[in-house]
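Here's a quick briefing to read with the model open in your viewer.

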Amino acid sequence: MMKVKTKKNKSMSKTVYNFSAGPAVLPDEVVDTIKSEISDFDQGMSVMEVSHRSSAFKTYAENSEDNLRSLLNINSDYSVLFLQGGATYQFSMIPQNLSINNKADYLVTGAWTAKAANYAKYHTKTNIVSNSVDNNYTTVSDISHWNLTDDADYFYYSSNETIHGLEIHEVPNINTPIVNDMSSTICSRPIDINKYGLIFAGAQKNLGIAGLTVVIVRNDLIKDKGKDLPPLLRYQCHSDAKSMLNTSPVFAWYVAGLVFKWILDKGGVSAMGKANQKKAKLLYEYIDKSNLYSNPVAKKYRSWMNIPFILSDAALDERFLNEANKEGLLNLKGHRTVGGMRASVYNAMPIEGVKKLIDFMDYFQSKN
Ligand code: PMP
C-alpha cells in the first residue's frame, strides 16, 4: 500500500522541486514504494533481478496494462505495447509499420515533430502539412490552411511539444488514422482514445523513468502489416508476444505500473487534468502580469506541461538559475536551442512547487 507524503525531502531537511523536462519528477509515493519494495519483489529477489518471464512479473505486467487501459479507457480494439528504444525509436517504427502506400502527412509544430518528419523520410514519402518553424514554433496555422493528402496512410502530430511548450488542446479533425506523440502529455488529462490510430510516449515524463516507451495502437492498423520487417520492428509481433519478444525493461515497466496505480489512487486522469490546468493557469497568469518574464506561445496553444519563459534581460539568466537552485527550485534552464527558462510541471509536480516558483520569481523580479 502506498504511503502518502506531500513534500519531497531529498537532502536531509530541504524540500526540492524538480522542474526537469525529462527524466522528470516522480510522485513521492512512488519513490517511497520503490524504496520499501526494492529488496523483495518476488521470493526475496529484487525487481531488478527477476525474469520478465517469471510468473510474478507477468502478473505485475498484466495488472499494469489493465490499469493503463482503465485510466485511458482503452478498449480491446487497441494493443498496448511496452517497448524499448525511447520515443525516438517510434519515429522509425511508425512509418515502417503504418505507411503501406508510402504517403504520410506530418504537422510540424516544434523540434520533436520536425525530427520525427526527418526520420520518416527514410521510410516513406513525407508531406509536411504545415510548419510552425516560420513563427518560431509559437502558434499553429488553421487547419483550413493545411496541405493534407487525401489518401495518406496516417497523419502525424504531437499534442505537446516539450521544448517549445506548444500544445494542441483538441484532436485535429482528420479522416486518416491519427498518430500522436504524447511523450510529455500522456495521462495528464482524459483523452478519447477512439480518435487515434496510434499514440505513444516515452515513460520518463509522466509515466516513470527512461527505458520504456508505451505504444497504444489500433489492431486493424497493424494486423498483417509490415510482413517484410524483422519481428523486433513489427508492432504485430510485439502485440502477439505481449511485449515480451525479448528481455523487457523490467524495472522501468515496474515503475510505470506504480505510476499508473498512483494516478488511479489520486482520482484518475480527470483529477490529473484539473490539477494540471490549475498549476498552468497560476504560472501563466503570473508570467503575463509580470514585467520581467514573458512566454511567447499564442494563448490558445500554451502547454499545461512545459512552460517556457524568458527574462526581458538575458544577462540575468545565470543569476536567476543560481538563486532558484539555492531555493530548491531545480532544472529550470530552458532547452539549449531555445534559451531562457522552462518549468515542466508534469502530474507529479505538486501545486506547492508551482507556488514556490512563483514566489521566487516575484522576489527575483523585485530585486532586479
Ligand atoms: N517526443 C517528445 C515530445 C519528447 O519530449 C521527447 C524527449 N524529450 C522525445 C520525443 C524523445 O524521447 P526519447 O529521448 O525517449 O527518445
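This is a predicted model: local features need pLDDT of at least 70, side-chain atom pairs count only at pLDDT 80 or more; totals for chains, interfaces and linings use all residues.

Residues are numbered from 1 along each chain as its sequence is written, and side-chain values use heavy atoms, with hydrogens and water left out. Helices (H or I, at least four residues) and strands (E, at least two) are DSSP runs, numbered from the N terminus.

**Helix α3**

- Helix α3 covers residues 86-98, and its 13 residues should span 18 Å at 1.5 Å a residue, which agrees with end C-alpha atoms 18 Å apart. The expected span is 1.5 Å times one less than the number of residues.
- There's a kink of about 30 degrees at Ser-92, shortly before the proline Pro-95. The bend is the angle between axes fitted to the seven residues ending at a residue and the seven starting there.
- Buried residues in α3 include Phe-91, Ser-92, Met-93, Ile-94 and Pro-95. Buried means under 20% relative accessible area, exposed over 50%, and partly exposed in between (1.4 Å probe, protein chains only).

**Helix packing**

- Helices α8 (residues 268-289) and α10 (residues 351-367) have axes that come within 9 Å and cross at roughly 5 degrees, which makes α8 roughly parallel to α10. Axes are lines fitted to C-alpha atoms, for helices over the stretch in contact, and angles run from 0 to 180 degrees between N-to-C directions.
- For the angle words, under 35 degrees counts as roughly parallel, over 145 as roughly antiparallel, 65 to 115 as roughly perpendicular and the rest as oblique.
- The residues of the α8 and α10 contact split into nine nonpolar, one polar and four charged. Ala, Val, Leu, Ile, Met, Phe, Trp, Tyr, Cys and Pro count as nonpolar, Asp, Glu, Lys and Arg as charged, and the others, Gly among them, as polar.
- Helix α7 (residues 250-265) packs on α8 at about 75 degrees, with the axes 7 Å apart, so α7 and α8 are roughly perpendicular.
- Trp-262, Ile-263 and Leu-264 of α7 make that contact with Gly-268, Val-269 and Met-272 of α8; contact means heavy atoms within 4.5 Å.
- By class, the α7 and α8 contact has five nonpolar, one polar and no charged residues.

**Two buried residues**

- His-52 sits in the loop between α1 (28-37) and α2 (55-72) and is buried, with a relative accessible area of 9%.
- Leaving aside neighbours within four places in sequence, His-52 touches residues including Phe-57, Met-244 and Val-250.
- Leu-198 belongs to strand β9 (residues 198-202) and is buried at a relative accessible area of 0%.
- With neighbours within four places in sequence set aside, the contacts of Leu-198 include Ile-94 and Leu-98, along with Val-215 and Tyr-235.
- Leu-198 and Asn-97 are 101 residues apart along the chain, with their C-alpha atoms separated by 11 Å.

- Gly-22 and Pro-23 are joined by a cis peptide bond, with omega about -10 degrees; Pro-23 is in the loop between β1 (17-18) and α1.
- Asn-73 isn't a glycine, yet has a positive phi of about 55 degrees. Asn-73 is exposed, with a relative accessible area of 62%.
- Lys-242, also not a glycine, has a positive phi of about 50 degrees and is exposed at a relative accessible area of 61%.
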